[in-house]
Amino acid sequence: MLLLGSGELGKEFAIAMARLGQEVVAVDSYAGAPAMQVTPCSEVIDMLDGDALDALVDKHQPDLIVPEIEAIRTERFYDYESRGIQVVPSAKAANFTMNRKAIRDLAAVELGLRTAPYRYATSYEELVRGAEEVGIPCVVKPLMSSSGKGQSTVRTQEDLQKAWDSAITKGRGDYAEVIIEGFVRFETEITLLTVTQKNGPTLFCPPIGHVQERGDYQESWQPCAISPEELAEAQRMAGAVTEALGGAGIWGVEFFLAEDRVVFSELSPRPHDTGMVTLAGTQNLSEFELHARAVLGLPIPSVELLRAGASAVVLADLESAERPGLEGVEAAVSEPLVDVRLFGKPVARVNRRMAVVVASGPVEEGAEPLRERAKAAAAKIRVTRPAMSS
Ligand SMILES: Nc1ncnc2c1ncn2[C@@H]1O[C@H](COP(=O)(O)OP(=O)(O)OP(=O)(O)O)[C@@H](O)[C@H]1O
Ligand SMILES: [Mg+2]
């Protein structure tokens, strides 16, 4: 299997695949990426370079290509798929989800799912007009970006120029277009992990609540308390959009819950960062194990909630070009039912995710008390400069 993108999600997925006897080649743009630490073979290439991608596929002759990030020359996936290589979950899914326009038009126009009002803009003038049409406040995002990069919330007319500049400079360089979305005043946002199978029904994991800052996830918990009606509506939408994109695997389908409305936001055709909460043993299979089974066509009879859980991220607050240290891990895991994943990233940047803490407890007590537990443990861990850690 060629794993395109070797971050912390790829690392857990590589472990799940290795447990099922699969040989994983971990690929990323830099050496020492998290998944490379657990695979026998790795490659460093620019995944936006289509020719480099072709050369890699020719060299390794994979049965499976699994994208773990969006910044890949995914147009080439159609060709690989037509040559009989299984692209996970499908070439169409990888292509559509890396471009907010493709996925939004599919969801809102073709499938008629409820989304925030939106417009597109290829110039500052179009942005001003679009913002007027959807109304301020609104959220401006590059069409191609992830983890909140280049994204900003516009609260007054004066914010528009900054929002445009940021979206254009921080989005993927080959694409100067933005989406303007009306701001959804949501009470909760959730990820509905959805599993599509080769020979079996689509399954839904218990909903995961999460909190984001700067467009990046800070904490998540499972199960998130939502009404049966909201859950049914979210499942219906997740079923429709994953079916339209096709293929087998796990998907992270994101929704806003506002008053009595469920609003579709976006989806990832792969394990979701907020789904790291499943590493706390909340389910019979973690999101990575579910992805592995679905991709390999192994049956998944059911997804069952075994424990309540919460996760909280550890972010770097400094820059370090050398492998940084981590302080306070002992204190963090000295609490019962708290566990940690240290990603081993070779370089730190401000707000880069370096580790995650997970906590679990009995289902009857719910996830709410675990949120504080996970956050308190994560707060004990600090990223340090190499010299300080010795
Ligand atoms: N229209 C909106 N109204 C209110 N909040 C929003 C809106 N769009 C995005 N957000 C907030 O910003 C977060 C990130 O947005 P989104 O998921 O679209 O970005 P992303 O870059 O694809 O993030 P990721 O790749 O990490 O999922 C959302 O989870 C939500 O908290
Ligand atoms: Mg998102």
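Visitor: What makes helix 9 mostly covered?

Guide: In this predicted model, the buried residues of helix 9 are Glu287, Phe288, Leu290, His291, Ala292, Ala294 and Val295. Buried means under 20% relative accessible area. Seven of the 10 residues in helix 9 (residues 287-296) are buried, and the helix is accordingly described as mostly covered.

Visitor: Which elements cover the buried residues of helix 9?

Guide: The covering elements include helix 1 (8-19) and strand 4 (64-67), together with strand 5 (86-87), strand 10 (188-197) and strand 14 (249-258). After helix 9 comes Gly297, with a positive phi near 75 degrees.

Visitor: Which residues of helix 6 and helix 7 meet?

Guide: Helix 6 contributes Tyr124, Leu127, Val128 and Ala131, which meet Leu160, Gln161 and Trp164 of helix 7. By class, this contact has six nonpolar residues, one polar residue and no charged residues.

Visitor: Which residues coordinate the magnesium ion (ligand 2)?

Guide: The magnesium ion (ligand 2) is coordinated by Glu254 (OE), Glu254 (OE) and Glu266 (OE), at 2.0 to 2.5 Å. Glu254 belongs to strand 14 and Glu266 to strand 15 (residues 261-268), so the pair ties together parts that are 12 residues apart in sequence.

Visitor: How do you know that these atoms count as donors to the magnesium ion?

Guide: The cut-off for N, O and S donors to this metal is 2.8 Å. The coordinating OE atoms of Glu254 and Glu266 lie at 2.0 to 2.5 Å, within that limit.

Visitor: Why does Glu254 count as buried?

Guide: Glu254 has 11% relative accessibility, which is under the 20% limit, so Glu254 counts as buried.

Visitor: Why does Glu266 count as partly exposed?

Guide: Its value is 25%, which lies between the 20% limit for buried and the 50% limit for exposed; therefore Glu266 is partly exposed.

Visitor: What makes Asp339 partly exposed?

Guide: Asp339 has 36% relative accessibility, a value between 20% and 50%, so Asp339 counts as partly exposed. Asp339 is placed in strand 18 (residues 338-342).

Visitor: Which residues does Asp339 touch, not counting residues up to four places away in sequence?

Guide: With those excluded, Asp339 touches Val333, Val356, Val357 and Val358. The C-alpha atoms of Asp339 and Val329 are separated by 9.8 Å, the two residues being 10 residues apart along the chain.

Methods: Residues are numbered from 1 along each chain as its sequence is written. Chains are lettered from A and ligands numbered from 1 in the order in which they are written. This is a predicted model: local features need pLDDT of at least 70, side-chain atom pairs count only at pLDDT 80 or more; totals for chains, interfaces and linings use all residues. Side-chain values use heavy atoms; hydrogens and water are left out. Buried means under 20% relative accessible area, exposed over 50%, partly exposed in between (1.4 Å probe, protein chains only). Helices (H or I, at least four residues) and strands (E, at least two) are DSSP runs, numbered from the N terminus. Contact means heavy atoms within 4.5 Å. Ala, Val, Leu, Ile, Met, Phe, Trp, Tyr, Cys and Pro count as nonpolar, Asp, Glu, Lys and Arg as charged, and the others, Gly among them, as polar. Donors are N, O and S atoms within 2.8 Å of the metal (3.2 Å for Na, K and Ca); water is not among the atoms, so sites may look incomplete.
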